[in-house]
Amino acid sequence: MNLLLDIGNTRVKWAQWQGGRLHAGGALSHEAFLEALASATIAKPEAVHIACVGGTELRASFDAAISACWGLRASWAAPHAEFGGLRNAYAEPERLGVDRWLAMLAGRHRVGGAVLVVDAGSALTLDCVDAHGQHRGGLIVPGLGMARRSLFSDTGQVRFPLARPCAPEHEGAWGRDTEQAVKFGVLWNAVGLVEYMAKQAAEALGSPPACLLTGGDGAQLGPWLRIAHTPCADLVLEGLCLQAGWELVI
Amino acid sequence: MRWLFYALLAANALTGFWFFLERQGAPVPALVGHGRLPTIPLLREIAVREQPVSATKVEPKLAEAPAVRAYAPTTDPLAAVSDAPNPDSPAKPAVPDAVPEASSTTASTGNPVEAAKATIPAVMPESNAPQTTQLEAPKEVAAVAGPMQVGPRPSPLTEPVPARVPTEPVAPPQMERCWRSAVLAETDASARLELALRSQGWVTRRVAEPVSGTNDYIVYWPRFPDRARALAKMRELRSQGVDSFVIGEGEWRNGLSLGLFSRRENAKRHAEELRRRGLQAAVGPRSREPERLRFEVRLPAGADLSAVGTEFAAKFAKITCD
């Protein structure tokens, strides 16, 4: 078994790779994963490949735990200037978020042409890749949860259970209380951005790129998008496989 | 009038000669049109197939049957000994086209097309037909003998196929055991358990239970300043026999989950009972809808469920394997 970890800002998403296929796992908090390692209840994998957007402290804690538990050195993915036909738009390629890089790599692998990758995680990121593999650039805005929390923490009157589900009944619904006003507003904000940038990308590229939607909040965003899109839950982990040089059958 | 008599006589003689020539030059329609002809004329026809007259007249008739394309070239004696293109066989298809036909054992005794199918394996290159590699007879001989083997007598070509060889029945693993977990109240715990189970390589199945939407109520110990203190309290409670889990995310992160209830009354009753024991317990609407997962696992012989941790192993009950 080869273990793949996508360490995000709040959670660790894991999967196994075996026989050319990615076997999706689950997601758990950083602490829970480290506890699981410490409890020695996870069988030793053949290799561990990690994509991590956290800081050096987080990375060091995972490195130490993996080494102590299995005596393994994990392989940490990093963005390249060019890999597998994908060319990084950043002047300093290493400064691009590795999750965005890997998601683009997987998106290009899946689509084989122009692609717009939307990652609705802690942050909402959009990245556009043209048909020749050139990354045209990206955008980063607060994700749905982060946007709600910012209103919650920065205002005195906005008080409601942040994580309580509160889905609009129809497209473009107005909020009838503060909780709805915030939650619907944040949602339409994200929907509007994605649709606007998809339109811009189509004009810039000459035809609409395939839109792939990933990230933990993709399920909230997807139903309201009026553009064709494909949900891809494990895009970052798929990219991790590809950058590790492992064959990947989608 | 005499010249007319001689002219008619000559015409009569010419007509008779023409009919004679027609009979001599058209043996193939007679052959094909009468299926009762024995097999031997067919084989002879194959042997002389290089003659243009015979070949061109047989093909249109055989083309009515789908197996014809495989028939004519693969029974070519040249093809039997060499993979080189045969200039006399312009319609020779690729050998793999004939592979499905090779396993056919349903040829009937009188039909030259079906009979020819039975000869196909004998002329296939061995690399493409591994089941025929034990055939020791010369391929030409096999091609001739093929039609004679159809019918009730099994073809020796099919005998080496492993699937048809009777073997000792494989006994199912007797020591496999199946277990089903309880629903773990906290999503992190559930995720940890799944990771532990699957890392062992055991066959693990998720069983998702319907979630009752926002009608769930959680009994919780209010959040602690950090996870370490929450964990310490969790261990303390467990030592007192109170099941609890640290909440990993959401508005009660680093609090303790003390139970989930679909009805508020039941949640309140449980919280009151805990408070009577001197514990802090509040009731709140469940803030998110995690999947209520159970895991079913099939343990191979010799595996120990406690490898995932005794704490988790205690959550399992034995079930009958499917």
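How many residues apart are B:Arg198 and B:Glu194 in helix H10 of chain B? Keep that in mind as you look at the model, which is a predicted one; point 1 has the answer.

1. **A pair within one helix.** B:Arg198 and B:Glu194 sit four residues apart in helix H10 of chain B, or about one turn of the helix. Their side chains meet in a salt bridge, 3.4 Å from N to O. Now look at how covered they are: B:Arg198 counts as buried at 15% relative accessibility, and B:Glu194 is buried too, with a relative accessible area of 4%.

2. **A pair between chains.** Another salt bridge joins the side chains of B:Arg192 and A:Glu35, at 3.6 Å from N to O. This one crosses between chains: B:Arg192 belongs to helix H10 (residues 187-199) of chain B, and A:Glu35 to helix H1 of chain A. B:Arg192 is buried because its relative accessible area is 13%, under the 20% cut-off. A:Glu35, at 21% relative accessibility, counts as partly exposed.

3. B:Glu311 is in helix H13 (residues 310-313) and B:Arg238 in helix H11 (residues 227-239) of chain B, so their contact ties together parts that are 73 residues apart in sequence. Both count as partly exposed, B:Glu311 at 37% relative accessibility and B:Arg238 at 25%. Shared partners also link salt bridges elsewhere: A:Glu35, B:Arg192 and B:Arg227 are joined into one network. Over all chains, the count comes to 16 salt bridges.

4. **An arginine over a ring.** Stay with B:Arg238 for a moment. This residue lies over the face of B:Phe245, at 4.8 Å from the ring centre.

5. **Rings that pair.** There are five aromatic pairs over all chains. In one of them, A:Phe33 and A:Phe62 have ring centres 5.7 Å apart and planes at 25°, so the pair is stacked. The two residues come from distant parts of the chain, with A:Phe33 in helix H1 (residues 30-38) and A:Phe62 in helix H2 (residues 56-70) of chain A, 29 residues apart. Both A:Phe33 and A:Phe62 are buried. For B:Phe5 and B:Tyr6, the ring centres are 5.7 Å apart and the planes stand at 65°, so this pair is edge-to-face. B:Phe5 and B:Tyr6 are both exposed.

6. **A nonpolar patch on the surface.** Three residues, B:Trp3, B:Leu4 and B:Leu8, make up a nonpolar surface patch with about 360 Å² of accessible area together. B:Trp3 is found in helix H1 (residues 2-25) of chain B and is exposed, with a relative accessible area of 66%.

7. **A sheet in chain B.** Here four strands form an open sheet with antiparallel pairing, in the order S4-S5-S3-S6. Strand S4 (245-246) and strand S6 (282-285) are the edges, each pairing on one side only. Strand S3 (residues 217-221) and S6(B) pair in the antiparallel sense over four bridges, and B:Tyr217 has B:Pro285 in S6(B) as its bridge partner.

8. **A backbone angle worth a look.** Most residues other than glycine have a negative phi. A:Ala40 is not a glycine, yet has a positive phi of about 55°. You can find A:Ala40 in the loop between H1 and strand S4 (47-52) of chain A. With a relative accessible area of 55%, A:Ala40 is exposed.

Technical notes:
Residues numbered from 1 in each chain as written. Chains lettered and ligands numbered in written order. Predicted model: local features only at pLDDT ≥ 70, side-chain atom pairs only at ≥ 80, totals over all residues. Heavy atoms only, no water. Phe/Tyr/Trp six-rings, centres within 6.5 Å; stacked < 30°, edge-to-face > 60°. Buried < 20%, exposed > 50% of the residue type's maximum accessible area, 1.4 Å probe, protein only. Lys NZ or Arg CZ within 6 Å of the ring centre and 35° of its normal. Patch = residues over 30% accessible without salt bridge, like charges linked within 9 Å, V, L, I, M, F, W, Y side chains within 5 Å. Areas by Shrake-Rupley, 256 points an atom, 1.4 Å probe, with all protein chains shown as cover. Salt bridge = Lys/Arg side-chain N within 4 Å of Asp/Glu carboxyl O. Pairing = 2+ DSSP bridges.
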